Amino acid sequence: MATTGTAATAGTVTTGHAWERTDTGYTGVVADAEWAREIRRLADERDAVLLAHNYQLPEIQDVADHTGDSLALSRIAAASTASTIVFCGVHFMAETAKILGPGKTVLIPDERAGCSLADSITAEQLREWKAGFDDPVVVSYVNTTAEVKAETDICCTSSNAVDVVRSVPADRDVLFCPDQFLGAHVQRETGRENLHVWAGECHVHAGINGPELAERAAANPDADLFIHPECGCATSALYLAGEGTVPEDRVKILSTGQMLDAARETGASSVLVATEVGMLHQLRTAAPEIDFRAVNDRASCRYMKMITPAALLRCLSEGADEVHVPLDVAERAKASVERMIAIGTSGGGE
Ligand code: 13P
Ligand code: SF4
């Protein structure tokens with residue numbers, strides 16, 4: 001194993017696969033059949049369960065034990081008896097698994113895999129926001145840091161955000177953070193006037209915009225529209241339905257897991273998909289007869305794509321990167337995450 005200084009910047013494993021660390025990720029490994037066998041062998045050796053989010057590269061999704069949405073993966077992590085969880089996703093997802101299982105070893109193949117949405121609110125900003133209200137209930141999207149979760153009453157994912165907000169007594173102010181588009185969706189669904197929404201966003205989903213969606217829908221008049229509620233175009237989709245450009249029953253606002261259930265149930269022969277492009281792999285596998293097309297095929301999350309075949313191989317051979325959450329933070333965050341996994345249903349994966 002070649003190393004420089006204290007952190008390994010390159011290495012080889014027994015199969016001869018050689019990985020290299022670069023500023024944008026780990027490279028140098030082709031995801032061939034031998035790679036997949038070695039990943040499975042190393043996972044068994046470590047008593048590790050491999051979890052992959054729906055936005056991961058196809059080869060990572062295919063080699064994982066479970067692929068699913070944020071809610072499904074959190075539940076699987078909480079229920080797993082494996083001593084090690086390898087989270088092929090972004091950092092807040094691995095942190096959530098650690099909060100739910102502090103005694104487990106949680107690894108992420110590249111700890112640099114962050115999230116622009118999680119970065120859009122800090123614990124300090126949340127404390128200041130709370131101070132302006134009289135005993136509010138804080139509902140935070142799971143796409144937040146452990147410190148923000150520690151300041152939160154109930155976490156949610158896109159699968160159960162509406163159910164979580166409905167679980168809060170009607171007379172209590174709800175502070176919803178950090179995603180403004182998911183917040184707007186929850187506000188529409190619940191009709192709640194005392195729901196206050198933080199103005200954060202995910203740069204990938206916000207970039208899937210209304211004009212682009214309208215153009216694609218006009219060119220594909222028979223297609224269903226599957227829209228993730230984090231998208232900038234979610235409101236436009238409902239507007240298109242409202243004005244009759246697209247029949248109302250063809251517009252579906254769904255979490256990534258719920259998209260899979262909808263794909264199995266729809267009678268449509270084509271579907272326009274507004275979310276990160278990694279989702280197309282699961283959709284095409286679940287319903288190969290349907291023509292799935294991205295509303296914006298540039299909507300790729302560079303953080304999700306940092307979990308490369310090289311990164312996963314290096315993770316399993318080196319036992320790195322390990323995710324730690326300070327115990328006091330984890331203890332304060334745990335109740336909000338446990339409330340999240342007790343409410344609502346995810347789609348697929350579980
Ligand atoms: P879900 O899998 O919960 O729909 O989350 C989408 C997402 O943006 C995760 O980063
Ligand atoms: Fe975060 Fe957006 Fe990437 Fe999801 S797609 S991990 S919300 S930056």
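Me: In which kind of crossing does H10 pass H11, left-handed or right-handed?

Reply: Ground rules before the answer: this is a predicted model in which local features need pLDDT of at least 70 and side-chain atom pairs count only at pLDDT 80 or more, while totals for chains, interfaces and linings use all residues. Residues are numbered from 1 along each chain as its sequence is written, chains are lettered from A and ligands numbered from 1 in the order in which they are written, and side-chain values use heavy atoms, without hydrogens and water. A crossing is right-handed if the near helix is turned clockwise from the far one by less than a right angle, left-handed if anticlockwise. Here H10 passes H11 right-handed.

Me: At what angle do the axes of H10 and H11 cross?

Reply: Axes are lines fitted to C-alpha atoms, for helices over the stretch in contact, with angles from 0 to 180 degrees between N-to-C directions. Helices (H or I, at least four residues) and strands (E, at least two) are DSSP runs numbered from the N terminus. H10 (residues 210-219) and H11 (residues 234-242) cross at roughly 40°, their axes coming within 8 Å. Under 35 degrees is roughly parallel, over 145 roughly antiparallel, 65 to 115 roughly perpendicular, the rest oblique. This pair is therefore oblique.

Me: Which residues of H10 and H11 meet?

Reply: Contact means heavy atoms within 4.5 Å. On the H10 side you have Gly-210, Leu-213, Ala-214 and Ala-217, and they meet Ser-236, Ala-237 and Leu-240 in H11.

Me: And how do H1 and H14 lie to each other, roughly parallel or roughly antiparallel?

Reply: H1 (residues 33-45) and H14 (residues 309-318) cross at roughly 30°, with axes within 9 Å, and are therefore roughly parallel. Their crossing is left-handed. H1 brings Trp-35, Glu-38, Ile-39, Leu-42 and Ala-43, while H14 brings Pro-309, Leu-312, Leu-313, Leu-316 and Ser-317.

Me: Where is Val-13, and what does Val-13 touch?

Reply: Look in the loop between strand S1 (10-12) and strand S2 (18-22). Leaving aside residues up to four places away in sequence, Val-13 touches Glu-38, Leu-313 and Ser-317. Val-13 and Glu-38 are 25 residues apart in sequence, and their C-alpha atoms are 9.1 Å apart.

Me: Is Val-13 buried or exposed?

Reply: Buried means under 20% relative accessible area, exposed over 50%, partly exposed in between (1.4 Å probe, protein chains only). Val-13 sits at 10%, so it counts as buried.

Me: How many disulfides does a search of the whole structure find?

Reply: A disulfide is a pair of cysteine sulfur atoms within 2.5 Å; the search finds zero. Take Cys-315: its closest cysteine sulfur is in Cys-88, 7.1 Å away, too far for a bond. Cys-315 is buried at 0% relative accessible area.

Me: Where are the cis peptide bonds, and which residues other than glycine have positive phi?

Reply: Most residues other than glycine have a negative phi, and most peptide bonds are trans. Cys-177 and Pro-178 are joined by a cis bond, omega about -5°, and Pro-178 is in the loop between strand S10 (174-177) and helix H8 (180-190). Ala-320 to Asp-321 is cis too, omega near 5°. As for phi, Asp-47 is near 55°, in the loop between H1 and strand S4. Asp-135 also has phi near 55°. Asp-47 is partly exposed at 40%, whereas Asp-135 is exposed at 52%.
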